[in-house]
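Q: Can you walk me through this structure? I'd like to go topic by topic.
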Amino acid sequence: MEPTLEPLLFADRPHWADVIPQAQYEDGDPVAPIFYTEEYKDATDYFRGIVKIGEQSQRVLELTESIIRQNPAHYTAWQYRYETLLAINAPLDVELRLMDELAIKFMKTYQVWHHRQLLVVLTRKPQAELAFITRALSGEDQKNYHTWSYRQWLLSYFNDEEELWSGELDFVDEMLTRDVRNNSAWHHRFFVVWASGVREGEEDRERIVRRELIYVKQNISFAPNNFAAWNYLRGMLTHLKMPFSTVIDFVKLYTVPFDPSRTDIVDLENPPPSKQAHLPCVHAIEFLADIHEREGGQSGIEQAVELWRQLVKEDTMRKP
Amino acid sequence: MEDRLDDLPALFKDSHSAHCKRCLMGLPSSSTDLDASRLVVIFYCINALDLLGLLSEKTTKADREAWRDWIWRRHTFGVYGSGFKPSSYMSIEHPSESYKGYDTPHLIMTYTALLSLAVLRDDFSKLDRKGLINFLRSCQKEDGSFSTIPNGGETDLRTLYCAFVISMMLDDWSGIDIPRAISFIKKCRTHEGGYGQFPLCEAHGGTTYIAVASLYLVPNELKAIPEIMSALEREETIRWLIQNQEPSGGFRGRTGKEADACYCFWCGAALQILGAKDLVNVTGLARFLGRCQFKYGGFSKAPGEHAGTYKLHPTVLLVPFISYG
C-alpha cells in the first residue's frame, strides 16, 4: 500500500482551500448515471473548479493524477494535464517515469499511450522508449495492441535515426522465441523488414528475401500449424510480387501425412516438418490450392478443387 | 453440411432487455471509467433493446422521451462547430451557452448520439446540420484521419468511421476530404489482408470492419478512384476474416488470439459487406454466442467469463445475421 501523507479528499487538503469546487451540473433526470465514489466526486469537483478559473500549476498535476488513477479514460484530465505540463515547463522525463507505471497499470487505455506519444514528440528521446516497450511486452500481455502500435509509431516517427532500428530483428526474435505464434511479433517483423522502407545495410534485397524465406520456413517447420507464420510467408510473396509457386516444394511437404521412411537431411530451402507435427496442415493445403488456382487451366483448377474438398474434411469450421 | 438452427440455445431476450434497462437507470462506481463515454453505453442499451424488438414493449413513452431530452442536452455549439458531448461530466451550468475549450463535442459520442436519436425515432429538427459539418472538418487531420475532439485527442480508424457514418446519415459528405480519408484507410491495410487501427499496425477484426464499412459507405460518385479495393485484395481480406473463425465457432480479432463474442460481429459484418456471408459457419457461430450468454443478461467475451454491456451490444447486432442466415 502507498503511504497516504495527504488527506484522501481534496476538500480536506489545506493547500486546496482557496479553490471553489464545482459540482457536476445535471439538469433533469440523468440517463445511466454513474454512482461515483466520494473520492472521485471530490477530485472531479475540484477539477471543474480549476478548469473554470484556468489555473495551470504544479498542484494541477497532483489533481489530474488523482483523477487519472481513478478513471484513466478521463480524456479531459489528460488534455488539461498535458497543457499544464507545457505551461509550467515541468520536467517531461519525470512525467515519463510516472507514465511507465501508469502504462503498465492501464495498458488497454487509449489515453495513456496518446499522452506518452505527445511527450516523446517533445523530448525526442525514442531510444529509452524502446527499452520501456520491451519491458512492457515481456509481462503478461505480450500481444497488447496499444503497446505494439506505439512501438511502430515510434520507429516510423523517428524513422531517420538508424541506430533506433538496429535492434528490432533481435527483439522480434526474442518475442518469437517466447511464443512462436505471437502474431504481433510476426506483424512487427513484416513492418521492420518490408513495410517501412529500405535501411542502410539492407540494400541487397535478394539477400533479404533469402534470409526471410529461410527464417519463416524454419519457423513453420518447428510449428507447422501456425497461422501467423504462414500469413507472413503469403504476405511477403504478395508484397514482392513473387508467385506463390516459388515455394511449392516446401508447401507440399506439409500437405501429406508424415512419412516414417523419411531420412533426416538438413535442407535450408525446404525444411521438413518435425516428427511430432500434426499433419497434413490445413494452411499448407490451402496454400497449395491457391498455387494451383493461380496457375489456372483445367488441370490447375481441378487440382485446386480437389484440395478444397480435402480442406472441408480437415478444417471443421469450413463449409463446402 | 446443413446448417441446423432449430436446436440452438435460446436467446435470453428478457434477461438482456432487463440488463439494458438496469444500465440506463444507473451504473456502479466500478464503471467510473465510462464517465467520459456515457453516451456510448446509452446507445448500446437503447439499440440493443430495439434490436431485441422490445424497445416499445419494455420501456414507456415517458422513458424514451426523457432519454431523447437528455441526449439533446448534450448537443452543443462553438468555434469548432456543433456536436454532442459524452455526458455531463464536465458541466457546471446549464448548457445554454457555447462550449469552452474543455467541453467540446466528441466525434465518437456525436456518432452514438445521432444513432441513439434515430433509434428513438427523433425527427432531428433540432440538429444543427451546418455546424455538424463544420465539426467534422475541425476533426480531420492532415493525413486524412480524424481526432476524437477537435483540439486534441487520439486519431485512428474508429473516428474516421464515425465521421463517415455521420456524413451518410446527413447525406452530405462536404465535411470530409474523401480522397485523403481513403488514403488513410489504405495505409492501415496489412500483409494479412486485414486492417490495423493505425497505419503500419497489426490487422484487427474491429478496425477491419471499420475499414470495409467506411469504404462501402462512400457514394460511388465521390470516390476519386473507382477501384478502392482490388479483386485480389478483396479476396485476401475475406480469407483473413474467415480464418478468424476458430473451431469453437467464435471469431477471434487477431491471428492467434482467442475467440471473443464481439469479434463475431466485427468479422461477420465485414464478411457480409464483402458479400461473403455464405462462407461463415453460422451454426457454429450461434452456438458459441449461445454459450457466451449470461443468464441475468449480457454477454461475456467467451463462454464462462464475466458479462458486460460492451459485449452485449455487438453480440445482439448479430441476431438478425443468425436468424435470417
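Predicted model: local features only at pLDDT ≥ 70, side-chain atom pairs only at ≥ 80, totals over all residues.

Q: What kind of peptide bond runs from Leu279(A) to Pro280(A), cis or trans?
A: That bond is cis, and its omega is near -10 degrees.

Q: Is Arg124(A) buried or exposed, and why?
A: Arg124(A) counts as exposed because it has 9 C-beta neighbours inside 10 Å. The cut-off for exposed is 12 or fewer.

Q: Now chain B. What about the phi of Arg121(B)?
A: Phi is positive there too, near 55 degrees, and Arg121(B) is a residue other than glycine. You'll find Arg121(B) in the loop between helix H5 (107-119) and helix H6 (129-139) of chain B. With 11 C-beta neighbours inside 10 Å, Arg121(B) counts as exposed.

Q: Let's zoom out. How many helices and strands does chain A have?
A: Chain A has 15 helices and zero strands.

Q: What's the radius of gyration of chain A, against a compact globule of 320 residues?
A: Chain A comes out at 27 Å, while a compact globule of 320 residues would be near 20 Å. Along the principal axes, the C-alpha atoms of chain A fill a box of roughly 85 × 50 × 40 Å.

Q: How much of chain A counts as buried?
A: 34% of its 320 residues.

Q: And what share of the contacts in chain A is between residues 24 or more positions apart?
A: Looking at contacts with a separation of 6 or more, 62% come from residues 24 or more positions apart.

Q: Helix packing next. At what angle do H6 and H7 of chain A cross?
A: Helix H6 (residues 126-137) and helix H7 (residues 145-157) of chain A cross at roughly 160 degrees, and their axes come within 10 Å. H6(A) and H7(A) are therefore roughly antiparallel to each other, since angles over 145 degrees count that way. The crossing is left-handed.

Q: Which residues make that contact?
A: H6(A) brings Pro126(A), Glu129(A), Leu130(A), Ile133(A), Ala136(A) and Leu137(A), and H7(A) brings Thr147(A), Tyr150(A), Arg151(A) and Leu154(A). They divide into seven nonpolar, one polar and two charged.

Q: How about H3 and H5 of chain A, what's the angle there?
A: Helix H3 (residues 75-87) and helix H5 (residues 110-123) of chain A cross at roughly 15 degrees, with axes that come within 10 Å. That makes H3(A) roughly parallel to H5(A). H3(A) passes H5(A) in a right-handed crossing.

Q: Which residues meet in that pair?
A: Tyr75(A), Trp78(A) and Tyr82(A) from H3(A) meet Gln111(A), His115(A) and Leu118(A) from H5(A).

Q: One more pair. How do H9 and H10 of chain A pack?
A: Helix H9 (residues 168-178) of chain A and H10(A) pack at about 165 degrees, and their axes are 9 Å apart. That makes H9(A) roughly antiparallel to H10(A). This crossing is left-handed.

Q: Who's in that contact?
A: On the H9(A) side it's Glu168(A), Leu169(A), Val172(A), Met175(A) and Leu176(A), and on the H10(A) side Ala185(A), His188(A), Arg189(A) and Val192(A). Those residues divide into six nonpolar, one polar and two charged.

Q: What about His187(A), which helix is that in?
A: His187(A) is in helix H10 (residues 183-195) of chain A. His187(A) counts as buried because it has 29 C-beta neighbours inside 10 Å.

Q: What does His187(A) touch, leaving aside neighbours within four places in sequence?
A: Thr190(B) and Glu202(B).

Conventions:
Residues numbered from 1 in each chain as written. Chains lettered and ligands numbered in written order. Helix = DSSP H or I, 4+ residues; strand = E, 2+ residues; numbered from the N terminus. Buried ≥ 20, exposed ≤ 12 C-beta atoms within 10 Å, placed from the backbone. Contact = placed C-beta atoms within 7 Å. Rg over C-alpha atoms; globule rule 2.2 N^0.38 Å. Axes fitted to C-alpha atoms, helices over the stretch in contact; angles between N-to-C directions. Parallel < 35°, antiparallel > 145°, perpendicular 65-115°, else oblique. Left-handed = near helix turned anticlockwise from the far one by under 90°. Nonpolar A, V, L, I, M, F, W, Y, C, P; charged D, E, K, R; others polar.
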